[in-house]
Amino acid sequence: MPEQSAASPEPILKVEGLVKHFPIKKGLFGRQTGAVKAVDGVSFDVRAGETLGVVGESGCGKSTMGRLVTRLLEPTGGKVEFEGHDITHLSAGRMRPLRRDMQMIFQDPYGSLNPRHTIGGIVSTPFRLQGVTPEGGVKKEVQRLMELVGLNPEHYNRYPHEFSGGQRQRIGIARALALNPKLVVADEPVSALDVSIQAQVVNLLDDLQSELGLTYVIIAHDLSVIRHVSDRIAVMYLGKIVELADRKSLYAAPMHPYTKALLSAVPVPDPKRKGVKSDRILLKGDVPSPISPPSGCRFHTRCWKATEICKTQEPPLIALKTGHQVACHHPENAPDQAPGEAVLPEARESVEVVSVTKAEPVAEASAEAEPVAETTTDAETPSAAEPESGAAAGPDSTVQESTDK
Ligand SMILES: Nc1ncnc2c1ncn2[C@@H]1O[C@H](COP(=O)(O)OP(=O)(O)OP(=O)(O)O)[C@@H](O)[C@H]1O
């Protein structure tokens, strides 16, 4: 992202109180016994031309949120507006023309490409689905798209297995760009890739944004991946946004303790800091179940600052600085919202602070994605190189094909 964001103040996407509860059904008659509260009241805007990064640990609802805003999933509640139009409950037929404007890139470049189709066939799928014939013909356009994403257009007739992971993700990107979309939601676009090529794909997305004027929502479980490409960042925890801020403000002065913990796990790409010790906050325990999330602030069971009010009252997401919203009674780098409360005894046990030594300086290009070798490992933050489950689409899926409507 350039220093001066190209984003206009107009939101292309507006999300208000978005909710997705997956029902849990039991017994012969499929009686509903509960619900997985995957997304539980999320509001944000995405301005035309900007990149919104969405981060949080596995299971906090990022993918579900991505699928809701592109209407691959039907929301349980709330509202999604795209370019000023309410699309929350549009039927598949009425969503069809909008599918050109919003596309999704999936995590798994292996699982999302049909192994029996050639690259030409895969990238031309959106034209077939929308009944569009580009000027100059489909083949010419597909080859132009292949070139745009850094693939050799002569490889038009090759099959996915003949390409590396990074190249397959480029194929997925070419397919997503075929219909010239305005909004692209990229769900963990590099987490299944080798760390050595993650930065290349992130840089490609960045270049394509400048060239084509795209708007991005980029989902990642780790702040290092989206560090340099996001204009603003939303941090999610258990179905909620706990902090939403412009990138500089978030990295310089995170306000939510959860963000602070996530950031403390991010390698610092600064050769001068080689050998420097820094504190790393290790959150203990797992993310609680989204079936019965904790009362009050959902993070209170893992927060070292939790007080009685955190157990009972949910903190609203409010702006404590211009452009910096946080949902916390006791934020960092901001006035305490509930002063005078005593920290709960169990809160002191909820984290471990470990001193780590930055062992190696990392080159700027790869620093965005490559974790630095450290003297400890963090069980809560999966390695950026490890594939995660649940975000991959089916063979040759596109927004068009995957819709549940
Ligand atoms: N179709 C579904 N039916 C029931 N529960 C679901 C479904 N899809 C997701 N979930 C649950 O919703 C919660 C949020 O999942 P989601 O995939 O959105 O999280 P995430 O932050 O993207 O995590 P990951 O990076 O692991 O995909 C999880 O507990 C998940 O098990």
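This is a predicted model: local features need pLDDT of at least 70, side-chain atom pairs count only at pLDDT 80 or more; totals for chains, interfaces and linings use all residues.
**Entry 1: the whole chain**

I started with burial. Of the chain's 405 residues, 45% count as buried. Then I looked at contacts with a separation of 6 or more, and 70% of them join residues 24 or more positions apart.

**Entry 2: two domains**

I looked up how the chain is divided. The domain assignment puts 11-242 + 398-402 in domain 1, and 255-367 in domain 2. I noticed that domain 1 is written as two stretches of the chain. The centres of the two domains, taken over C-alpha atoms, are 28 Å apart.

Next I checked where they meet.

**Entry 3: the core**

The largest nonpolar core has 91 residues. Those that touch the most other members are V123, A174, V217, A234, V235 and I241. This core draws at least three residues from domain 1 and at least three from domain 2.

Leaving out its neighbours within four places in sequence, I listed V46, L52, V54, G66, V69 and V185 as the residues V217 is in contact with.

**Entry 4: around the ligand**

There are 16 residues around the ligand, and F22, A38, S58, S63 and T64 come nearest. Which helix or strand gives the most to this shell? My answer is α1, with three residues. Both α1 (62-69) and β2 supply at least two residues of the shell. Sorted by kind, the shell holds six nonpolar, eight polar and two charged residues.

**Entry 5: β1 and the strands it pairs with**

I followed β1 (residues 11-26) next. β1 pairs with β2 in the antiparallel sense, over 13 bridges. K26 stands opposite R31 of β2. The hairpin of β1 and β2 has four residues between the strands, and there G27 takes a positive phi near 80 degrees.

β1 has another antiparallel partner, strand β4 (residues 77-82), with five bridges between them. In that pairing, L13 has F82 of β4 as its bridge partner.

Most residues other than glycine have a negative phi. I went looking for exceptions and wrote down two.

R71 has a positive phi near 60 degrees and is not a glycine. R71 sits in the loop between α1 and β4. Is R71 buried or exposed? I put it down as buried, because 23 other C-beta atoms lie within 10 Å, and 20 or more is the cut-off for buried.

N180 isn't a glycine either, and its positive phi is about 60 degrees. I placed N180 in the loop between α6 (165-177) and β7 (183-187). N180 is partly exposed, because 15 other C-beta atoms lie within 10 Å, and that count falls between the limits of 12 and 20.

Why do I call α10 (residues 257-264) largely enclosed by the rest of the structure? Because six of its eight residues are buried. The buried ones in α10 are P257, Y258, T259, A261, L262 and S264.

T125 belongs to helix α4 (residues 125-130). I have T125 as partly exposed, because it has 19 C-beta neighbours inside 10 Å, and buried would take 20 or more. Last, I checked the gap between T125 and A176: these residues are 51 residues apart along the chain, and their C-alpha atoms are separated by 9.9 Å.

Technical notes. Residues are numbered from 1 along each chain as its sequence is written. Domain bounds come from an automatic or database domain assignment. A residue is near a molecule or strand if its C-beta atom, placed from the backbone, lies within 6 Å of it. Ala, Val, Leu, Ile, Met, Phe, Trp, Tyr, Cys and Pro count as nonpolar, Asp, Glu, Lys and Arg as charged, and the others, Gly among them, as polar. A nonpolar core is a set of buried Ala, Val, Leu, Ile, Met, Phe, Trp, Tyr and Cys residues joined through C-beta atoms within 7 Å. Two residues are in contact if their C-beta atoms, placed from the backbone, lie within 7 Å. Two strands pair if DSSP finds at least two bridges between them.
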